[in-house]
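Thanks for coming, everyone. Let me put the structure up, and then we will walk through it piece by piece.

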Amino acid sequence: RSTAAPSELPMGNVQLAGLMLRDPAPGDEDYVFVVLGQDENDLSVETKSTDDSVSTYEGPSWSQGEAQLRLCRVGSEFVALKRASPMDNWETAQTWSRPDLPGTLQIGLNIYTASTPDITAHFEFFRVEPLDQIANCALD
């Protein structure tokens, strides 16, 4: 939501918040994430993979200012999921194969902007737990 007008969506370019898995080693950036908010074009659920500080991302449109996001890893396989509400099925936002990422990663909440900040993100639930198969990521 917009910090200036809480009943509205964020104003300005690139106002996003979500989940990130990141290599904590110093040097070039290496991570994957899934975020919700205003990108350069419109409201979207954006996914990004950054390898040696070079990013590839997608930001398809999203119809509302709320979403449930999930980011899972098994070995070198990663999946980002999204859904509008708990009543909806999980939808795959992106999958990545990242054998370059180490076994231990930082995991956390992510919020960022490329313009004057106007985003307030609310995270109602955050859980980290083991996962044996990437296909089980979409199970509740």
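Start at Q94. Leaving out residues up to four places away in sequence, Q94 touches T47, E58, F78, V79 and A80. Contact here means heavy atoms within 4.5 Å. Q94 sits in strand β7. Strands are DSSP runs (E, at least two residues), and helices are too (H or I, at least four), numbered from the N terminus. Is Q94 buried or exposed? Q94 is buried, because its relative accessible area is 18%. The cut-offs are these: buried is under 20% relative accessible area, exposed is over 50%, and partly exposed is in between, with a 1.4 Å probe and protein chains only.

A quick word on what you are looking at. This is a predicted model, where local features need pLDDT of at least 70 and side-chain atom pairs count only at pLDDT 80 or more, while totals for chains, interfaces and linings use all residues. Residues are numbered from 1 along each chain as its sequence is written, and side-chain values use heavy atoms, with hydrogens and water left out.

Stay in β7. W96 lies in that strand too. W96 is buried, since its relative accessible area is 10%. What does W96 contact, beyond its neighbours within four places in sequence? The list is V32, F33, T47, K48, S49, L71, S76, E77, F78 and A80. Compare that with T3. W96 and T3 are 93 residues apart in sequence, and their C-alpha atoms are 33 Å apart in space.

Now the sheet around β7. Three strands form an open sheet in the order β5-β6-β7, with antiparallel pairing. Strands β5 (68-74) and β7 (91-97) stand at the edges with a single partner strand each, so one side of each has no neighbour in the sheet. On average, neighbouring strands of this sheet are turned by 15° against each other, direction ignored. For the angles, axes are lines fitted to C-alpha atoms (for helices over the stretch in contact), and angles run from 0 to 180 degrees between N-to-C directions. Two strands count as paired if DSSP finds at least two bridges between them. How many bridges join β5 to β6? Seven, and the two strands run antiparallel, with β6 covering residues 77-83. One example: Q68 has R83 in β6 as its bridge partner.

Next, charges. Side chains of opposite charge can pair when their charged atoms come close. A salt bridge here is a side-chain nitrogen of Lys or Arg within 4 Å of a carboxyl oxygen of Asp or Glu. By this rule, the count is eight salt bridges.

Look at D140. D140 is exposed, because its relative accessible area is 71%. One of its partners is R70, with the closest N and O atoms 3.4 Å apart. That pair links distant parts of the chain: R70 is in strand β5, D140 is in the segment after β8, and they are 70 residues apart. R70 counts as buried, at 17% relative accessibility.

D140 also meets R83 in a salt bridge, at 2.9 Å from N to O. R83 is buried, with a relative accessible area of 7%. Elsewhere, salt bridges that share partners join D30, R98 and D100 into one network.

One more pair. E91 forms a salt bridge with K82, the closest N and O atoms being 3.9 Å apart. E91 is partly exposed, at 41% relative accessibility. K82 is buried, at 6%.

On to the other sheet. Five strands form an open sheet, in the order β4-β3-β2-β1-β8, with antiparallel pairing. Which strands are at the edges? They are β4 (54-58) and β8, and each pairs on one side only. The twist averages 20° from one strand to the next. Strand β1 (residues 15-22) pairs with β8 in the antiparallel sense over eight bridges. Within that pairing, G18 stands opposite N110 in β8.

Last stop, the surface. I107 is in strand β8, which spans residues 106-113. I107 is partly exposed, with a relative accessible area of 41%. Together with L109, F123, F126 and V128, I107 forms a nonpolar surface patch of about 450 Å² accessible area. Patch residues have over 30% relative accessible area and no salt bridge; like charges are joined within 9 Å, and nonpolar side chains (Val, Leu, Ile, Met, Phe, Trp, Tyr) within 5 Å. Accessible areas come from the Shrake-Rupley method with a 1.4 Å probe, and for residues only the protein chains shown count as cover.
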